[in-house]
Number of protein chains: 2
Amino acid sequence: MRCDVVAIGTELLLGQIVDTNSSWIGEQLAAAGIDSLVQVKVGDNLGRMVSMLRDRLAEADAVVVCGGLGPTHDDLTREAIAEIMGVELEEDEEVAERILNMFSARGRRMPANNMRQALVPKGASVIAQTRGTAPGLICPVGNKVLYAVPGVPHEMQDMLTRAIIPDLLARSGSSSIIVSRVLRTWGESESGLNERLQDIIDELDGVGNPTLAFLASGWEGIKVRLTAKASTEDDARALIAQWEQKIREAVSDIIFGTDDQTMESVVLDLLEARGWTLGVAESVTGGLVSGRLTSVAGSSVVFRGGIVSYASAVKHDLLDVPVGPVVSHDAAESMARGVRTVLGSDVGLALTGVAGPTEQDGQPVGTLFVSVAMPDGSSHTHNLRLPGQRDQMRQLSVISALDVLRRALTA
Amino acid sequence: MRCDVVAIGTELLLGQIVDTNSSWIGEQLAAAGIDSLVQVKVGDNLGRMVSMLRDRLAEADAVVVCGGLGPTHDDLTREAIAEIMGVELEEDEEVAERILNMFSARGRRMPANNMRQALVPKGASVIAQTRGTAPGLICPVGNKVLYAVPGVPHEMQDMLTRAIIPDLLARSGSSSIIVSRVLRTWGESESGLNERLQDIIDELDGVGNPTLAFLASGWEGIKVRLTAKASTEDDARALIAQWEQKIREAVSDIIFGTDDQTMESVVLDLLEARGWTLGVAESVTGGLVSGRLTSVAGSSVVFRGGIVSYASAVKHDLLDVPVGPVVSHDAAESMARGVRTVLGSDVGLALTGVAGPTEQDGQPVGTLFVSVAMPDGSSHTHNLRLPGQRDQMRQLSVISALDVLRRALTA
């Protein structure tokens with residue numbers, strides 16, 4: 001089964017918006033075992049849209065077209081599909097009523113052109129819109145199929161998951177349910193992870209189901225995704241559970257979470273479970289650790305606050321760091337203890353390091369000291385050496401420090 | 001003149017990497033007045049690469065192919081181009097020597113497959129590599145042209161700017177120099193900006209040179225880009241200066257910088273020019289303002305530090321904020337004065353607000369109070385209402401607060 005992708009929008013070609021939709025669709029298709037071999041961006045031009053969609057349909061079994069379903073005269077996807085199907089556009093009463101209701105529910109007058117979004121090529125079926133005003137479309141073309149979805153990412157994602165992937169699987173003759181599970185890791189390179197999981201990978205290659213994929217997410221670590229096919233969801237989940245267990249046994253030291261968990265959500269959950277609050281003292285990361293923790297709604301239960309002790313004098317005066325080199329094991333430990341005291345938190349986390357452009361206190365760019373001060377007065381302090389330029393080094397410092405805290409909490 | 005773009009790489013189709021290269025190329029081509037009407041992603045498959053490149057060459061005057069120039073057997077762009085040109089690949093001695101020298105200068109043994117990167121289709125010319133090992137290629141195909149560049153963004157960007165855009169302009173018969181200038185704005189919607197600049201836009205439409213484009217950059221504001229063509233760089237710059245002056249007269253209140261300047265770099269420069277240091281007290285943004293300021297290398301000259309006073313007790317105890325509602329005009333003002341005292345800075349910047357998910361102190365989600373405490377003891381405090389969910393509201397708060405500080409410094 002092959003499904004290509006066409007993203008519509010002149011703004012994509014002009015670089016005003018980066019086309020992240022087709023990447024996301026490609027990832028989902030791959031997880032479902034469907035090939036996506038060509039992905040195209042084309043502007044809001046009827047002739048070129050028709051020509052591109054025809055080319056893709058000639059080669060692939062199915063095509064997802066993304067965007068161009070809005071209410072304005074630039075939104076030409078409906079017209080392009082009608083031309084390819086050789087049919088007229090008709091107003092779909094149910095869709096029309098739904099659009100009218102959305103406006104009247106908000107007490108707003110509906111601009112007339114919104115009714116364009118209720119037009120459906122004759123013979124196509126509708127993927128009901130649950131979030132926006134434009135519905136998706138499933139459009140048979142001979143023995144192939146064109147799917148149209150809005151360009152708004154969360155609307156597109158909803159329709160792809162809910163309607164298009166199941167429809168593609170049904171067409172491919174598969175009655176399988178597909179379930180994925182992501183194990184999130186930090187602290188190992190992709191090649192290192194590959195080496196440590198080689199036996200399991202070989203075994204999986206033999207059985208063919210579930211499949212395993214590595215997804216590198218830069219300074220978020222590497223995701224290990226298991227995808228299983230089975231006739232029921234329970235069977236698929238059981239299959240995944242069995243292999244997840246094997247992977248956990250092989251690399252338990254680097255797995256910090258699953259699926260939608262993030263390093264910050266995991267750390268906050270661990271603290272909350274223990275009834276502990278947190279204070280953060282940062283130098284090299286300049287506030288990014290606190291910023292990341294507070295990106296989680298509800299973090300205020302655990303997170304009391306932070307001190308960005310950028311100038312050395314702030315470290316000495318406010319955090320009681322002894323005079324001396326401020327990029328050092330002792331300075332990090334003093335900062336962690338100091339911030340516990342100053343902010344009255346149960347746990348203190350501190351970072352000091354060198355992001356560049358030049359060395360500091362005789363320490364090279366990339367040096368990071370992380371310290372965790374625990375409620376019982378003990379502390380854990382680590383010295384790391386991180387790669388990269390200023391921005392990358394700082395971002396790696398954030399997740400590395402949170403991982404040090406996570407390990408201290410689970411030690 | 002039309003130049004399409006083909007990005008090569010199976011990892012792009014699988015969504016493991018987002019194709020940002022073609023967006024960047026599209027933006028540069030548009031600025032040079034060259035149309036880019038179709039952009040394609042295709043995997044590392046020789047047959048499909050050849051077919052896609054032929055399709056693009058049939059429609060466009062030129063094609064940029066990006067990626068697939070590395071040393072491994074998956075890197076097939078050279079072979080695809082040779083097939084399209086109907087020629088053999090030959091080793092280019094100069095390129096080969098350069099690759100050998102790069103390895104020997106680093107004292108590293110060169111893996112043999114690196115010599116693949118010295119292969120050039122007969123009749124093609126080389127764009128010298130200045131940063132990586134793979135050179136770019138300029139490959140005539142009939143009266144059209146194929147350009148090959150590496151997929152590594154900074155190598156691609158260097159070659160596009162240095163060699164490809166000038167070559168495209170020369171081929172289009174234009175001996176023009178193209179110069180762009182970006183004016184960065186904050187605080188006006190795209191439609192509002194459009195309305196305020198309507199007379200200038202109409203006038204520019206009449207003369208045709210320079211051209212004006214709006215580039216929305218989300219929570220970084222809207223960029224106004226002027227692009228002028230002239231026979232010399234001085235003439236192009238003079239033309240831009242004349243229209244920049246008119247735009248500045250129309251919307252001087254919202255222009256905060258030009259070209260590569262950012263809101264944080266502008267604020268740091270203003271403080272440095274006055275010889276003042278800065279301390280930041282943040283609640284709603286949880287460290288992001290400090291994090292953003294310290295992303296600028298050299299910020300330590302100005303930035304002393306920050307207090308992330310997330311829990312109310314931290315505001316009261318550490319910043320001396322009077323007991324009472326902490327999302328308020330008075331709390332923001334106390335925080336700004338308090339952080340000046342605690343961190344010993346000349347200027348204090350404070351933010352308190354509600355990012356959600358629920359209201360606080362009777363203030364709805366989206367409320368932001370920003371206060372600036374000046375060295376003379378005076379203060380500027382503003383109450384803003386920002387749109388969006390948690391993440392968007394927090395990011396808008398960061399740049400809004402820095403803009404309040406900028407205005408206070410230039411008042």
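**Close-up views of a predicted two-chain model**

**Strands E9 and E11 of chain A run antiparallel.** Nine bridges join strand E9 (residues 177-185) of chain A to strand E11 (residues 222-230) of chain A. Strands (E, at least two residues) and helices (H or I, at least four) are DSSP runs, numbered from the N terminus. In this pairing, A:Arg184 stands opposite A:Lys223 of E11(A). This is a predicted model, in which local features need pLDDT of at least 70 and side-chain atom pairs count only at pLDDT 80 or more, while totals for chains, interfaces and linings use all residues. Residues are numbered from 1 along each chain as its sequence is written, and chains are lettered from A and ligands numbered from 1 in the order in which they are written.

**E9 and E11 of chain A belong to an open sheet of four strands.** The strand order in chain A is E10-E11-E9-E12, with antiparallel pairing. Strands pair if DSSP finds at least two bridges between them. Strand E10 (211-216) and strand E12 (255-258) of chain A are the edges. Each edge strand pairs on one side only. From one strand to the next, the twist averages 25°. Helix H9 (residues 233-251) of chain A packs on this sheet. H9 touches E9, E11 and E12 of chain A. The direction of H9 makes about 20° with that of E9(A). Axes are lines fitted to C-alpha atoms, for helices over the stretch in contact, and angles run from 0 to 180 degrees between N-to-C directions.

**Chain A is assigned three stretches as domains: 3-171, 177-258 and 263-410.** In that order, they are domain 1, domain 2 and domain 3. The bounds come from an automatic or database domain assignment. Between the C-alpha centres of domain 2 and domain 3 of chain A lie 31 Å. Six residues of domain 2 are in contact with eight residues of domain 3 in chain A. Contact means C-beta atoms, placed from the backbone, within 7 Å. The domain 2 side of this contact in chain A has three nonpolar, two polar and one charged residues. Here Ala, Val, Leu, Ile, Met, Phe, Trp, Tyr, Cys and Pro are nonpolar, Asp, Glu, Lys and Arg are charged, and the others, Gly among them, are polar.

**Strand E2 (residues 38-42) of chain A is mostly covered.** A:Val38, A:Val40 and A:Val42 point one way. A:Gln39 and A:Lys41 point the other way. Strand E1 (residues 3-8) of chain A pairs with E2(A) in the parallel sense, over four bridges. One of the bridges links A:Val5 to A:Gln39.

**E2(A) also pairs with strand E2 (residues 38-42) of chain B.** This pairing is antiparallel and has five bridges. A:Val42 stands opposite B:Val38. A:Val38 stands opposite B:Val42. Strands of a sheet pair through backbone hydrogen bonds, either parallel or antiparallel.

**Chains A and B meet through 49 residues from each.** Strand E14 (residues 303-308) of chain B gives the most to the chain B side, with six residues. By class, that side has 24 nonpolar, 19 polar and six charged residues. Chain B can be laid on chain A by a turn of 180° and a shift of 0.2 Å along the axis, with an RMSD of 0.2 Å. That is the relation of a two-fold axis. The same surface serves both copies: 100% of the contact residues of chain B recur in chain A. Superposition is by least squares on the C-alpha atoms of residues with pLDDT of at least 70 in both copies.

**B:Ala7 sits in strand E1 (residues 3-8) of chain B.** B:Ala7 counts as buried because it has 26 C-beta neighbours inside 10 Å. Leaving out residues up to four places away in sequence, B:Ala7 touches B:Leu12, B:Asp19, B:Asn21, B:Ser22, B:Lys41, B:Cys66 and B:Gly67. B:Val149 is 142 residues from B:Ala7 along the chain, yet their C-alpha atoms are separated by 9.8 Å.

**Chain A as a whole has 14 helices and 17 strands.** Its C-alpha atoms fill a box of roughly 80 × 55 × 40 Å along the principal axes. Of the 411 residues in chain A, 45% are buried.

Technical notes:
Two residues are in contact if their C-beta atoms, placed from the backbone, lie within 7 Å. A residue is buried if 20 or more other C-beta atoms lie within 10 Å of its own, exposed if 12 or fewer, and partly exposed in between; C-beta atoms are placed from the backbone.
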